[in-house]
Each structure stands twice: as C-alpha cells, then as structure tokens.
Amino acid sequence: MVRVISRRLIQLVATVLALMTLVFFWLRSLPGGPVDALLGERATPQTRELLTRALGYDQPIWVQYGRFLKNVVTGNFGNSIRTGEPVTAVIGRAFPATVELAVAAIIIAIGLGIPLGYLAARHRGRLLDNATIIVTLIGISIPIFFLGYLLKDWLTQGIHVFPPSGRISTGLDNTDVTGLFVLDGLLTREFDASADALWHLVLPAFTLATIPLAIIIRITRASVLDVLDEDYIRTADAKGLRNATIRKRHVLRNALLPVVTTIGLQTGALLAGAVLTEKVYNWGGLGTLITDSISGGRDYPVLQALILLAAVVFIVVNLVVDLSYAIIDPRVRVQ
Amino acid sequence: MQAIRRRAVIAAGVVAALSIGVAGCAKSDRDSGTEVKSTGGTFIFAGAGDPKNFDPIFNDDGESFRPIRQLYDTLVTHKPGTADLTGGLAESWENDPTGKVWTFKLRQGVKFHDGTALDATAVCANFDRWYNMKGEAAQSQMIYYTDIFGGFAGSPDALYDNCKASDAATAVLTLKKYKGAFPGAFALTAFSIASPAALKQYDADTVTQNGDSFAYSSFANEHPTGTGAFTFGGWNKATGEITLNRNPDYWGDKAKVDKMIIKVIKDENTRKQELRAGTVQAIDFPAPADRKALASEGYKVLDRPAFNILYLGINQKNNPKLKDLRVRQAIAYALNRAQLVQTKGPGGSAVADEFLPNTVLGYATDVQKYAYDVAKAKQLLADAGATGLTLNFYYPTEVSRPYMPNPQEIFTVLANDLQAAGIKVNGVPRPWNGGFKDDVQQFGKQDLHILGWTGDYNDPGNFVGTFFGRGKVEFGDQAMTEMFDAIGKADATVDQSAKKAAFEQVNRDLATKWLPAVPIWHAPPAVVTTKNVAGLVPSPLTAEQFNTVSLTK
C-alpha cells in the first residue's frame with residue numbers, strides 16, 4: 001500500500017512539473033497580455049513600458065521561465081496581477097466555495113443516483129425504468145448553463161423560491177471560519193447564516209449535479225443488471241437466502257465497483273462543470289476565478305496555480321478511488 | 001454485519017463530537033452590541049466588477065472609483081448630474097495669468113475619517129506624495145497621474161513644481177508649464193485627497209513586488225481614509241461585498257442611508273435577476289435590450305447624460321486609398337448612423353457629429369454633417385478611383401463597453417452599410433483582451449475598426465486631444481502634423497474663450513479637412529433602481545455620489 005502511494009506521489013510531481021511548463025509557455029503565447037489588460041484605454045506608451053519592465057516581461061522568456069521554476073519549487077506562487085493579493089489567498093478564498101458546491105452536488109448525485117439506478121434495474125423494462133432512462137438522457141444532454149438559466153428564470157424571478165445568485169444574502173455579515181458557509185454557520189451558531197447559505201446552495205448544486213447524477217444512475221442500473229445475471233446470485237437465491245441479504249451483500253456490493261470509478265472521474269469533471277455553474281450563479285469559486293483570470297487580464301500567477309491545483313485534485317481523487325477499491329473489493333487487496 | 005453497523009455508529013459519534021467541539025472553539029465575529037435601529041436602512045448597489053483597491057492614485061477604472069468616490073473628495077468636483085465644475089474640498093480656485101499657478105481656497109472644518117484636519121498642508125502632502133512616488137511598481141499603476149502630470153521626480157516631462165501652504169486654508173500649486181486639462185482634471189477621482197497621517201501609518205507608498213506582480217499596502221486594502229460621505233466598512237472578498245458606513249461628520253450633505261453595500265455581480269443578466277428578486281436596489285449598465293422591460297415593470301431607468309463617443313476609426317497606413325479624403329468621406333456618407341442609433345443604440349443615444357459631447361467646451365454647432373447618402377458615397381469613391389475597395393474591419397469580441405454594448409451587432413450594421421456603397425468588408429473579430437487592442441493600437445493591422453471613449457473630465461483635450469493630438473498607430477498616419485499642431489495649440493491656450501474658439505475650429509476641421517475617423521454615436525449608460533430608491537442623480541461621468549440616496553417604504 002505504501003509503495004503504491006509513494007509511486008503515485010512521484011508520478012504526481014512529474015506530471016505537475018510537465019504540466020506547469022506547458023502552461024507557462026502556452027499562457028505566454030496567447031495574444032494580449034496582462035500589461036494591456038491592466039492598463040486599459042488610458043495608458044501612455046511610457047506607462048506601458050514601465051509596467052512591462054516592472055513585471056519583468058521585457059526579459060527573455062527563458063529568464064522568466066527560470067524565475068518561475070525557482071518560485072514554484074520554493075512554493076512562492078506570487079501575487080495576483082489583477083488584485084495584488086498573494087495567489088494563495090485568492091485561491092484559498094475561492095477553493096472552499098467550490099468545495100461546498102461540489103460536495104453538495106456529489107451528495108445529490110450519489111444520494112439520488114445509486115438508489116434510483118438500483119430501483120430502475122430492479123424494475124427493468126417497466127415504467128419506472130423507462131422513465132429513468134429518458135430523464136437521465138435529458139440530464140446528460142442538457143447544457144449546464146442552459147439548465148442554470150432555466151431554473152433561475154422559473155424559481156427566482158416570478159416566484160421567489162430561491163435567490164438568483166451568490167452564496168449568501170447580501171449584508172448578512174456571516175462569520176467566515178472555514179469558508180464553507182453552511183458549516184461555518186453551524187460552527188459559530190449563526191444558524192440563520194447556515195440556513196441562508198444552504199438556501200443559496202440548492203439551485204447551483206442541483207444544476208451542477210445533473211450530469212453526474214444522470215451518469216451515476218445509468219452506470220448503477222447497468223452494473224446492477226449485470227450482477228443480477230450472475231450465477232452466484234442465482235445460487236444465493238437457490239440456497240434460500242433472504243432477498244434483503246442478497247441485495248445488500250451480493251448485488252449492491254459487487255455492483256458498486258464501476259460506480260465508484262465513475263464517481264471518481266465525475267469528481268474531476270465537476271471542476272469543469274463548476275466553471276459554468278459558478279458563472280450562472282455568481283458563485284465566486286474556482287470556476288469564477290479561472291474565467292476572471294483569463295478574460296479579465298491574463299492573470300498568469302493565478303492561472304498557473306489554479307492549473308496546478310486542478311491537476312493535484314484530479315490525481316488525488318483518482319488515488320483515493322483506487323484505494324477505495326481495496327476496501328470495497330477484497331480481491332483487489334489480495335492482488 | 002453487526003461490526004459494520006457498530007463502526008458506523010462510532011463514526012457518526014466522532015463526527016458529532018467533533019462538530020460540537022469545534023463549535024465551542026469557533027466564535028462568531030458578528031457585532032452583538034445593541035444595534036441602533038436604522039433610520040436610513042441599507043442601500044445595496046450591484047456593481048459590475050471587482051475594484052482593484054481603494055487608494056485613488058493607483059486606480060483608473062470605474063469599478064474601483066465607485067467606492068472611492070464615496071470615501072474621498074476631490075479639490076474640485078462636478079455639479080450633480082452635470083460635467084460642470086464646482087467646489088469640492090476647495091471652495092474656490094484660481095489660475096494666474098501664466099496658467100502655471102493654481103491657488104485653492106479650502107473649505108474650513110473638514111476632517112478626514114481618522115479625525116485629522118484637512119488643511120493646505122494635507123493637500124500639498126498629497127501632491128508631494130504623487131510626485132515623489134518611488135519604484136516602477138508603484139509608478140506604473142499611476143495611470144492618470146502619468147497622463148496628466150507627465151512624470152515623477154527627476155523626469156524632464158514632470159509638470160509638477162511645488163505645492164505650498166500659504167496659510168492653513170490656502171494651498172498654492174505651481175506647475176512647470178500651463179496644461180489645458182486643468183482645472184477639469186483636478187476633479188479626477190484618481191486625484192482624491194487622502195489623510196497624510198493614514199497614508200503614513202498604513203504605509204501607502206509601499207507597493208511591493210512578488211514574482212511578476214505587486215501587492216498593495218494596508219492603506220489601499222483595509223484602511224482607506226478620506227473625507228467622503230461614507231467611511232470604509234470592509235471588503236468581503238468571499239461574498240463580493242464592499243461595505244460603506246455613513247459618515248456622521250461629513251462636511252457636505254450627510255448620507256441619508258446608514259449603510260451602503262456594493263455587491264459585485266459580474267454577469268449582466270444576473271444583476272437584472274437580483275434586481276427583480278429584490279435582493280439589490282440598483283444595478284449598473286443594464287443590457288440595452290432589457291431597458292424597456294425593466295421600465296415597464298416599474299423600475300426606474302435613469303439615463304446618464306452622454307459623455308462618451310463611439311467612432312469608426314480609419315487607419316490610413318495599410319491601404320493607400322484611405323489617404324484620400326474623398327474615400328474617407330465616402331465611408332462617412334455610406335453609414336446610416338441614424339438608423340443604427342434607432343436599432344442598436346441604448347436608450348437616450350444620439351448620432352455623433354463630433355468626437356466630443358455638446359456639454360464640453362469647444363463643441364462647434366456648425367460642423368459639416370455627413371447625412372446618409374449612398375449615391376454620394378459611390379460618386380466620391382468613383383472620383384477617387386477607389387471602386388471595388390476592400391477593407392479589413394477589426395471589431396472586438398468578449399467585451400461590452402458603455403459606449404459599445406454589443407460590438408458584434410454594431411459591426412454587422414456598419415459593414416452592411418459599407419457593402420451597400422460598394423466597399424467590400426472583410427470582418428476580423430478579435431477578443432478585446434486577446435488581440436484586439438494589440439492589433440489595433442500597437443500593430444495597426446486594420447483598415448477600419450470600432451472603438452470609443454468615456455470622458456474623464458470636462459475638457460476638449462480629453463476627447464479630441466486623446467485621439468488625434470499626436471501620431472497614433474490606431475489611425476496610421478504619423479504625418480498628420482497640421483492636425484497635431486492645431487490641437488496642441490488649442491490645448492495650450494490659457495484664455496478660456498480663445499481656447500473655446502480654437503477647439504471649435506479644430507472640430508470643424510476634423511469634419512471637413514482631416515476626417516481621421518467617423519464619429520458614430522453618444523450612448524449614455526443607464527443605472528436602474530427599484531421604485532423605493534429616491535435621490536440618485538445619474539452623472540455623465542458615471543461619478544455618482546450616493547449620499548443623496550434614500551430608501552422609501
């Protein structure tokens with residue numbers, strides 16, 4: 001186990017280094033740059049020159065790359081060009097927002113997805129099954145931003161069931177401990193803030209959950225159907241085991257393996273979905289940060305750190321998924 | 001089975017215990033003191049972007065200036081709802097005959113938010129601070145200062161000479177030479193007066209560099225200290241809220257609301273939805289298409305008086321035919337600007353005949369107008385031997401500016417007009433921050449392009465001087481010396497009535513003799529509020545002061 005993890009970590013470092021190099025050169029080959037974005041329409045050529053020099057963009061690209069590598073190795077990600085804050089602070093603020101959203105979405109996707117998929121398989125070919133297939137097809141194919149705007153239009157405009165955007169009501173003055181507002185409210189006993197944050201979370205989380213939810217339902221359904229056809233289920237049935245035991249112990253547990261793999265992959269994909277969801281709901285997480293950093297001024301330091309973060313999250317999630325196989329499936333452990 | 005269940009119970013127990021434990025540790029920061037029941041309430045304004053910081057001199061964008069205008073005052077300011085100058089921190093100001101010495105009579109009894117007094121020494125300390133700013137990092141962020149004051153200590157272009165407090169209420173600013181931008185430029189938000197004590201205490205001049213970017217001081221981020229109608233209540237970046245509290249000791253009209261929150265909502269559509277949901281009371285820059293709907297739903301759509309310009313730029317460098325005035329005139333005649341204003345213009349917009357709005361000094365009432373006339377356009381092209389002309393028309397994408405809410409649509413209409421007159425148009429879309437500005441303003445790849453400008457202060461130099469006062473890649477011809485000279489001379493005229501006449505002539509010549517671009521429209525951006533908001537006076541300079549705003553039930 002230790003060997004597996006350490007090998008993975010070495011892979012992680014190599015992957016990240018290669019990725020960072022790629023990103024460094026890719027970002028700098030894009031047209032436009034931070035100088036123009038920062039200065040706007042009013043800058044004189046002198047100011048432009050001054051800023052280019054101050055940012056070090058007048059030096060050869062390999063000098064810039066060397067400086068960049070040194071900073072990355074020493075853990076200095078620099079400051080955001082746009083806001084002047086340390087990159088770690090900028091990302092530290094946005095990260096919890098996305099985590100809160102993604103966790104809520106995953107809870108919805110798993111909490112509804114596995115039971116629904118299981119039920120659809122149990123009622124194969126009947127109304128429930130067919131309905132599930134159609135609904136999941138819609139869920140997969142509907143673009144996130146479209147669904148987001150649709151939900152907003154229905155539920156926040158004519159009838160104000162949910163708030164249209166943001167993470168918490170303006171002026172609520174909640175205390176920020178972890179950056180996860182629902183949790184913070186519980187920790188500080190500002191229960192109104194928790195409720196308010198949860199209320200703001202419903203639409204974005206549901207919007208973000210649709211695709212993983214639909215995929216989890218389908219995978220669960222297919223996987224359960226496979227397992228139901230296995231000989232050992234027939235054997236278990238034949239030897240007179242109770243139905244509940246068969247389902248829990250033999251069907252579900254065996255059917256869960258591909259589902260867990262899917263959940264792992266979807267967690268990574270959630271980050272991509274978050275970009276759109278956060279845009280629609282003015283969420284202020286990593287997704288918003290990515291778009292702001294690209295369109296609002298080529299914020300190289302933030303973008304570089306974000307891509308590093310995304311890579312690490314993706315790799316770690318997949319590591320966790322691999323490790324969880326060992327828990328779910330004893331056969332993997334033996335190997 | 002039993003084992004699994006037991007494990008689950010233990011896990012749940014641990015989680016519960018942890019939460020309770022942590023709950024004991026994490027303390028609420030909320031103000032638990034007895035809050036005085038608000039008489040004025042909280043005014044929530046949806047802004048369109050993050051501010052950079054709150055030190056006026058390091059900023060140049062509207063989203064930073066919005067809160068800064070509430071926190072600080074300038075020496076000279078504008079009468080509400082106009083671009084006319086009136087006293088700010090200075091009750092009066094005068095210029096000596098050489099145009100180099102400015103004497104400000106300061107308002108008495110004005111205090112900064114930290115309790116220190118605003119006097120002539122404090123005013124001069126600000127001018128000294130700007131002039132003596134050290135380090136490229138800091139200097140490169142002082143865009144308005146570089147533009148207006150030419151440079152810093154040691155630079156031969158620096159305009160600033162000295163500032164002396166002849167008594168507590170009189171500040172005398174001496175410049176090295178006359179500059180036409182004043183007194184209008186004294187009203188620039190970037191030149192707001194800050195408390196020298198706070199500037200020092202919070203290390204305002206320290207702009208540090210880290211890697212390839214900078215960090216600002218705690219003055220700029222946490223302790224901005226001015227004389228404004230609101231004091232700084234904090235910037236919650238996690239929720240995108242800037243809180244401003246009523247300044248009970250304000251020297252002018254004290255704010256009617258107790259608190260103002262600027263909530264950053266970048267998406268235009270989301271701003272509208274928040275307004276409709278009643279969670280914000282005012283939004284900036286509504287989409288032109290939403291104006292009618294919002295007005296009919298009972299929201300107040302307040303138009304700002306026009307103070308901007310959209311133009312069709314002509315680059316004379318790549319295509320020699322464009323050097324011929326007749327070809328440029330043909331382009332002007334080919335455009336049906338009246339129809340463009342009707343179909344694509346935001347409400348309140350009007351066809352522009354000059355490159356500055358009519359509220360600005362030097363606007364001439366008798367310039368040559370190019371009314372839509374396709375036949376004439378074709379005739380002029382034929383006369384110039386330019387039939388079958390093909391032009392590369394650059395337009396920006398991924399951007400919406402107050403003067404240009406929908407560049408793509410504007411391009412389509414203009415291109416169709418040109419095609420109808422027999423000019424082939426090759427449209428080149430480029431992202432605003434990803435090539436458009438480079439291609440147009442640095443490399444001059446285009447033949448035609450659309451771009452515009454929102455005025456900063458009431459001076460013709462800020463409009464025509466900015467565009468045509470010197471050789472610019474954008475318009476391709478470095479050799480239009482007659483035009484540069486005329487504008488330079490007009491700008492250097494000290495006597496205001498002579499200056500007015502000079503700029504009127506410049507505007508006439510721009511239309512008849514030079515035509516380096518075609519003015520398209522003035523399109524004032526709107527601000528929309530809910531019904532219960534009263535007293536918001538829209539400013540042509542987007543320089544609203546919110547102390548006059550009140551909320552009714």
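1. Between the two chains, 60 residues of chain A are in contact with 55 residues of chain B, contact being defined as C-beta atoms, placed from the backbone, within 7 Å. The model is predicted: local features need pLDDT of at least 70 and side-chain atom pairs count only at pLDDT 80 or more, while totals for chains, interfaces and linings use all residues. Residues are numbered from 1 along each chain as its sequence is written, and chains are lettered from A and ligands numbered from 1 in the order in which they are written.

2. On the side of chain A that touches chain B, α3(A) gives the most, with seven residues. Helices (H or I, at least four residues) and strands (E, at least two) are DSSP runs, numbered from the N terminus.

3. Strand β21 (residues 526–529) of chain B is covered on both faces: Ala526(B) and Val528(B) on one side, and Val527(B) and Thr529(B) on the other, are all buried. Buried denotes 20 or more other C-beta atoms within 10 Å of the residue's own, with C-beta atoms placed from the backbone.

4. β21(B) runs antiparallel to strand β13 (residues 282–284) of chain B, joined by three bridges, and Ala282(B) stands opposite Thr529(B). Strand β14 (residues 300–303) of chain B is also antiparallel to β21(B), through four bridges; here Val301(B) stands opposite Val528(B). Strands pair if DSSP finds at least two bridges between them.

5. Elsewhere in chain B, eight bridges join the parallel strands β17 (residues 390–397) and β18 (residues 424–431).

How values were computed:
Buried ≥ 20, exposed ≤ 12 C-beta atoms within 10 Å, placed from the backbone.
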